[in-house]
Structure formats: C-alpha cells, structure tokens
Amino acid sequence: MKVETRSIEYVPENERHGEARDLFPIWFGANMNITTLVSGALPIMLGLNLFWSIVAIIIGALIGAIFMASHSVQGPRLGIPQMIQSRAQFGVIGAIIPLFLVMFIYLGFFASNTLLAAQTIGDILPIGQTWNIIFIGAICFVVALYGYDLIHKVQKWFSAASLVLFLIMTVIVFLLPVPAEQWVPTEFNLSAFLLSVSIAVTWQLSYAPYVADYSRYLPTNTPPKQTFWYSYSGTVIGAVWMMALGAVLTIAIPNFADNTGGNLASLFGSFAIIMFVLIIFGQLAINVFNLYGAFMSSITTIEPFFKFRVTPKVRFAFLLVITIVATGLCILGQGNFLDFFLNFIFFMSYFLIPWTSINLVDYYVLRSGEYSVKDIFDLNGKYGKVNWIASFAFVASIVAEIPFVNASFYVGPIANLLDGADLAWAVGLFLPAALYYFPMKRKLSRSDASLEANVLGGMNEVEEI
C-alpha cells in the first residue's frame, strides 16, 4: 500500500472511489472504544441514575449526529477536507481562527485516548506508562502516514471484530447486579440532565472538524441522503451503545472509571487478553483520526503563506512533528484523567458549536452547496482574506455563551439562576446562525446584484457596437 499523495487539495473525479456504505464502519468503529465508555460514565458522575443517563445519552447523540452527518455530506460534493472548506465562510486567512482552536481539540482527544490506552497496556506489559505512550504514538504515526485508504481498511476490520466482542460483553454487562431503582424514572435533576445531553451532543460534534475528510474520496454523484444516513446511523449506534454500557458499568463496578480498560477486560475471565487487544486497538484507531485531522489542519493553516507541494517526505515531516508534540503533551499530562476529560469535553463545545452552526448555515441555507473550490485556495479569490461577518459571529457567540456555562472551572450567572443547567450549547447553536445568516445574505445579494449589473452593462456595450 502506498502513502496517500493527496492532502488538502481537491480530489479529482478519476481518483474518487468507494460507496456511501463505507462510511458506516468508519463512524461505528470510531465510537467503539473506552473513551466513549468513559463519556457514558459522566452522567452517572453528575448524579443521574441509569434511566435518565441513558435517555440523555440517546437524545444528545440523536441531536449532535444531525450536524455531524450534515458535514459528512460536504465531502463528496466538494472533494476537499472539512476545515479548508471553512475558508468559504471565514476567508482564507480568517479560517485560521477556528483551525487554531480545532488543533487543540485534536491534541486534547489524542491525549485522553492515549492515556486510557497506556493505562490498559500497563495492565498486561511490565513497562512504564511513559513508554506505553511513546509506543502508541509511534503506531498511530505509521497508520496516519499511509492515510485515507489504510484508515478505511483498518476501520472495516475493527468494526467487524468489535461488533462481535462488544455483543458478548453487552450480555455479560447486563447480567451484572444493578439496583432496580436505577432503571426507574425518579429523582430527575434538570441541570445534570442538560449537562449530560450537552456531553452527548458535543461528543458527536467533536467529529465535525474532520468528518468530510473521510467522505471526500467518494464519487461526486454519491447520493447525499446515503452519505448522511450511513454516517448518522454509524455514529449514533456506536456512541449510544458504548455510552450506555459505560453508564451501566459505572453503577455495577465500584471505581470502574479508575481503570476502565482493566475492569472491562476482567469481565472476559480467561479470555481477557482478547478484550485487552481490542481495547488497545480501538484507542489506536481513533487516535489515528486525530493525527490525520491535525495534519490536515496544520497544512491548511500554513498553506496561504507558504505555497508548497505535500510530497511523502513533507507529509512524513509534518506528521512526525505533530506526533512528537501530541505525545509530549500526553507524557506531561499524566495525572487526574477524569477531571481533565470532563473539563475538556465542556471546554471544546463552547468553540465547536458556533463553528458548526456557521458552516452549515452557509452550506445548506445561503449557498446550497455551490462553491468555487479554486477560490478556496486563492488568497485573492472571491472568499477574500478575512470574512469579518463570520469572524464576528463566531467570537460574539463564544462570548455570549459565557453566562450560560456550567463547568468545574467556571459557572456563569445565568447557569446559576437556572440551578446549574448548562444551555451554552443551545446559545452556541442558534445565535451564530442568526448573526451570520442575515448580514451574509445581504452581502451575497449585493454581490449578485453587482454581478448582474456588470453582465447587463457588458451586453449593452456589445449591442451598441
């Protein structure tokens, strides 16, 4: 298998391949890991019982996946990575603002996934956690280096293997002793419920910055509905399944989250080693996504200032630097994982949701998917260097979210008035849509009117001649 030759540039039609159904194992497999299980433990830690935890997980996944899968549809239509398409909304230089924030998200998820995998490896190999982290980083680097096709093949095999083993595990988990009152819709806590819905929504939106990266090689004539539903069903089924198991295990096994991988594998008794391998492989698989996405974002950030061709050597160098930085952060960040992860989940949502709102309003409502890919790569093209409308809507929405925030590091005044309910995600979804849509619609209308006037003027001149 060859190293992928494409990076952020347009994928021509003669290089397109695959079918929409290939997206199901990608996004199903992306959720079949212990990081998703830990996310399912968070509603229990916030004080909900099993019934309300699972209801919150289902609602959040169903809502968040709508936006995630809507981004996936953009891949076949435009043939370019997700974040470079943001230039059409923010401008070629202005897109660096969300890109910079997305880089932190990639590094944060890489760190959390790696720490969980390193902990699991430590249960079966007598080597220090630091060496485990380095080992994980090296494997992820190799797979991300080869790129798109290898990632798709790895995810297909992993999805099949994880389906079988997690089916067995599900039967085992639901035979564990769980107090009957955990399944009864009592002791409802609105603030904890809304926080839990927010976690599940944000989990789906965390894929949004790179979801189109894995559909951009599909043929242009791939039906959008198929792209949407295969992405949507894959990520919803995988996420709800794993998060629900995480919630049950947190109730059934004391201190389950202290050693997620070890506790999970121990359920398989003498066959624990098989589960250990699957757990480690799952963490590696999702971390490849983060390295691949970080590579795309770094190239997109630098490309407007330094025009260069991404050869295999350049790809190798970029990915090596990113892997070293990400691995270094993991080594430095060893410690209280759950506090870090919970804060990280909330923190990234405050930035991701306004970006996804602006991107989808522009794509589906304002431009109906009609873009000039050539101008997306042109510093002096029609999308300009900076779109101040998008930049203002993005920054203003993040500021507007602050009073609604409920996190361990800060609780906003409105969240306090609402007994701790965190509605920042709703503000981040609807406010930027309005702030961007109305002024941008006027701008596009003036641009169309100006273009029409120029065309008519040219026709009149021709008639006079």
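## Around Gly384

In this predicted model, Gly384 touches Gly91, Val92 and Leu379, once its neighbours within four places in sequence are set aside. The glycine lies in the loop that links helix H15 (373–376) to helix H16 (388–401).

Phe90 is worth a look here too: its C-alpha atom is 8.5 Å from that of Gly384, although 294 residues separate the two along the chain.

## Where H12 meets H13

Let's move on to a pair of helices. Helix H12 (residues 272–302) packs against helix H13 (residues 312–332) at an angle of about 115°, and their axes are 10 Å apart. Angles of 65 to 115 degrees count as roughly perpendicular, so H12 is roughly perpendicular to H13. The crossing of H12 past H13 is right-handed.

On the H12 side, the contact is made by Leu291, Tyr292, Ala294, Phe295, Ser298, Ile299 and Ile302. H13 contributes Arg315, Phe318, Leu319, Ile322 and Thr323. Sorted by class, the contact of H12 with H13 comprises nine nonpolar residues, two polar ones and one charged one.

Across the protein, pLDDT averages 84, and 92% of the residues score at least 70. Confidence is highest in helix H3 (residues 50–72), at a mean of 95, and lowest in helix H18 (residues 424–464), with a mean of 74.

Where pLDDT is low, predicted coordinates should not be read in detail.

Terms used: Residues numbered from 1 in each chain as written. Predicted model: local features only at pLDDT ≥ 70, side-chain atom pairs only at ≥ 80, totals over all residues. Heavy atoms only, no water. Axes fitted to C-alpha atoms, helices over the stretch in contact; angles between N-to-C directions. Helix = DSSP H or I, 4+ residues; strand = E, 2+ residues; numbered from the N terminus. Parallel < 35°, antiparallel > 145°, perpendicular 65-115°, else oblique. Left-handed = near helix turned anticlockwise from the far one by under 90°. Contact = heavy atoms within 4.5 Å. Nonpolar A, V, L, I, M, F, W, Y, C, P; charged D, E, K, R; others polar. pLDDT = per-residue confidence, 0-100.
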